[in-house]
Amino acid sequence: MSVLTRDDAQTRAKLLDVHRYTIALDLTTGDDTFDSRTVIRFTVRTDGDTFVELKPAQLRSVALDGQPLDPETLDGGRLPLKNLTAGEHELHIDASMRYSRTGEGMHRFTDPADGETYLYTNLCMDDAPRVFAAFDQPDLKAVFELTVKAPENWTVLANGIAEPLGDGHWQAAPTPRISTYLVAVAAGPYHSVTTEHRGLPFGLHCRRSLAPYLDADADELFEVTKQCYDRYHEKFEEPYPFDSYDQAFVPEFNAGAMENPGLVTFRDEFVYRSAVTDTERQTRAMVIAHEMAHMWFGDLVTLRWWDDIWLNESFAEYMGYQTCAEATRFADTWTDFGVARKAWGYEADQRPSTHPVAPDPELVPDTASAMLNFDGISYAKGASALRQLVAWLGEKDFLAGINTHFARHKFANATLADFIDSLASSTERDVHAWAETWLRTTGVDTLRPRVTPGDEGTCTLQVEHTGSRPHRIAVGLYDRTLAEGATDVGRHLVLRERLDLDIPQTAPQPIGKRPALLLLNDGDLSYAKVRFDADSFDTVRAALSGLPDPLTRAVVWNALRDAVRDGELAPTAYLEAARTHLPHETDLALVQGVLAFASVQVAGRYVTPEERPAALATLTSLCRDLIRRTEDGDNPGLRLIAVRHFIDVAAHPDTIAAWLADGTVPGGPELDPELRWRVLARLAALDATDETAIAAELDRDPSATGQEGATRCRAALPDAAAKRTAWEAMFARDDLSNYLFTATAQGFWQPEQAELLQEYVPRYFEDAVALAARRGPAIADAAGRYAFPAHAVDADTLSHGERCLRNADPIPALRRKLADQLDDLARALRVREA
């Protein structure tokens, strides 16, 4: 299939004005295909040639202005439109389209729990032609009018309010002018919960087997939605621009969520069927806030070309966290951002595949390259840059610029230059210079304190700055003090003063008496790696958990994480810090983030195989302490995190096998489906269960999640036949859905089974390239993300991968993932050597 280039898009945008799509979908034609009839009304400005995109199973007929065109001219997903004359035109296309099993286009899913079938679209960024014929680029906005024929017991959802007409026919209200990638349809026997807010219909939708779980959380979901909606109307002068607000939780969704105007789609893991922590509920609330921000930034005002994807994602990421913190009960979202999302940005920005937040257009020549930029830079780094901008401009001027931007470009398209001009109109600060230093550069700056003694016991601070960006940071000065009722002065820290500092400095900063801890970027308002002076590091080792604010502790934990990744701190020292301080931690996001890094990266990759048992023992002991600490039931979220990680790092099966047999952890919690599958997967990796037990558990939980759990467990069994079957399922049969492929890959590679898996490491690079070429970007992404042999930290794996990149020509989605994985592997080797 041809990919759309930026040059093609610019040429077509100069030629055409697209007015209206009238789309008729028939979803009753079978399990493999559906019918799509599209009428496109458009104006040609000057005589010329162009093309329309379409990816059909069968193209039955094409007519332009009543004259038939030859369907055989369709080539590579493009149907040429030759010798167009200036003026109005009408294009009719009748086609049969394939359902997707990989989350692209029109995805079809049959729920194993009850046999019901559900459909939904995901058209970002170039999958609209899998559903209807389109001039598929973001700056050719149009009105979309949709009709759908579906089985009579189904509900149909769309961007506009959909009304049943009888006999399974539905008519959706015409949309305002939107981009092709934002068109959305969902159809099936969806369970719905509805309400109204400020005159607007709100809806929540999920498959029927999840109905009890959606009903249980509907009040919370609606409350968060309404709170965010009201807060955005306080921030934005432009009112919500669509006729309804539906949120559909759909199966096997590739992203976290998608901002289709009026019909936001979420992965349905956000409908919780097992126990979750309050941090996970906070994450769900943030995603709701993020997607709603897109209604203005992304949907109302849309990028012109995909080099400005950050204009969508960075803005929504920043607004999602900020609005969630301001408007909902989840006031500490920035701590979670600091320990989870920001680390994602730091890691992405230190790989060879890094790119500016706002890359030069030449670096995004086509949609295939643009797809690669939905990453930690466009989300987390961009949001961090905007947070720094707000701190620099002040929120009043920032919002004034945003509202100017909406007024200038509503229902149209805009570029980075347009955005910066709008901001500049509201402030005397040089926003253009800020954009050059923050948005057009790559890499992470590093800040190191140098404390120099002065007269009468005072000190000065000079910050050594590696990098090119200006920063405005807070510097926290902390002293040791005696906690109330305590006898150990070493474990408690109190903030003496927080100084504002501009980097680079013009002169050393007086700081008075030397503090026990000097912390750069306290409050986490900038985007930079920070280090400690020697005395401060000694304080961190002894008293990290004595810092009073969780966001401050997040900055410290991130600094330790970065030091491990850079080879400046031994991985075992990070484990020791976790063992010492996590038993005293109160913030769940911090506990989760530290344990995840310690178990997946430190114990899984950074220590040698010989050191791994000791690392797992340390983590097991830590989790056991957390479980004991929560025996009184006062902190079920912390207990759940500890239980999950105890299972994941178990080196011996006896304890967790007993939990599974009893159906509960002593003192709680009872093992819900998520915990039961987690235990069984770890038992499979440890060769402590078998197919009989897996089949019995699947009988107990025949849901879609149960199917994934069984698939993961079977792939984890340390048996040659099981591994062979899993490998063939991933790389030979091509019938796994996106989620079942991921589950198989997650189970397949196990550090405890390195010898058994050795033969598959070189095979991976050949088979993954062929698979990606056959099945496309979504499976390529999963193959690079989950099926990569991450446990095999050795020079041979690195050599195999580098040879693959040189010689095998993987498609862009896989090439990017492989390059990132190999860089992470090389980093792990350097950490081991250090």
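This is a predicted model: local features need pLDDT of at least 70, side-chain atom pairs count only at pLDDT 80 or more; totals for chains, interfaces and linings use all residues.

**Salt bridges and their surroundings**

A: Start with Arg448. Its relative accessibility is 30%, and Arg448 therefore counts as partly exposed.

Arg448 has a charged partner. Its side chain meets that of Glu568 in a salt bridge, at 2.9 Å from N to O.

The loop between helix 12 and helix 13 holds another partner. Arg827 makes a salt bridge with Asp566, and their closest N and O atoms are 3.1 Å apart. Asp566 is in that loop, while Arg827 lies in helix 27 (residues 812–833), so this pair ties together parts 261 residues apart in sequence. What is the accessibility class of Arg827? Arg827 counts as buried, because its relative accessibility is 6%, and buried means under 20%. Asp566, with a relative accessible area of 27%, is partly exposed.

Salt bridges can also share partners. In this way Asp217, Glu220, Asp278, Arg281, Arg284 and Arg329 are joined into one network.

How many salt bridges does the model have in total? The count comes to 65. One of them pairs Glu326 with Lys235, whose closest N and O atoms are 3.1 Å apart. Glu326 lies in helix 4 and Lys235 in helix 2 (residues 211–235), so the bridge ties together parts 91 residues apart in sequence. The two ends fall into separate classes. Lys235 is buried, at a relative accessible area of 4%. Glu326 is partly exposed, at 30% relative accessibility.

Stay with helix 4 for a moment. Helix 4 (residues 309–327) packs with helix 5 (residues 333–349). The angle is about 145°, and the axes are 8 Å apart. Which residues make the contact? Helix 4 brings Glu317, Tyr318, Tyr321, Gln322, Cys324 and Ala325. Helix 5 brings Thr333, Trp334, Asp336, Phe337 and Arg341. By class, the contact has six nonpolar, two polar and three charged residues.

One is Asp809. Asp809 is in the loop between helix 26 (795–807) and helix 27; helix 27 also holds Arg827 of the bridge above. Phi of Asp809 is near 55°, a positive value in a residue other than glycine. Asp809 counts as exposed, because its relative accessibility is 61%, and exposed means over 50%.

The other is Asp524. It is found in the loop between strand 27 (517–520) and strand 28 (529–530). Phi of Asp524 is near 60°, again positive and again in a residue other than glycine. Asp524 is buried, with a relative accessible area of 5%.

Loops also hold cis peptide bonds. One joins Ile503 and Pro504, with omega about 0°. Pro504 is in the loop between strand 25 (492–503) and strand 26 (509–513). Another cis bond joins Gly668 and Pro669, with omega about 5°. Pro669 sits in the loop between helix 17 (654–662) and helix 18 (673–685).

Four strands form an open sheet in the order 8-9-14-11, and the pairing is antiparallel. Which strands stand at the edges? They are strand 8 (105–110) and strand 11 (155–158). Each has a single partner strand, so one side of each is left without a neighbour in the sheet. From one strand to the next, the twist averages 10°. Strand 11 pairs with strand 14 (residues 185–188) in the antiparallel sense, over four bridges. Within this region, Thr155 stands opposite Gly188 of strand 14.

Key: Residues are numbered from 1 along each chain as its sequence is written. Side-chain values use heavy atoms; hydrogens and water are left out. Axes are lines fitted to C-alpha atoms, for helices over the stretch in contact, and angles run from 0 to 180 degrees between N-to-C directions. Helices (H or I, at least four residues) and strands (E, at least two) are DSSP runs, numbered from the N terminus. Contact means heavy atoms within 4.5 Å. Ala, Val, Leu, Ile, Met, Phe, Trp, Tyr, Cys and Pro count as nonpolar, Asp, Glu, Lys and Arg as charged, and the others, Gly among them, as polar. Two strands pair if DSSP finds at least two bridges between them. A salt bridge is a side-chain nitrogen of Lys or Arg within 4 Å of a carboxyl oxygen of Asp or Glu. Buried means under 20% relative accessible area, exposed over 50%, partly exposed in between (1.4 Å probe, protein chains only).
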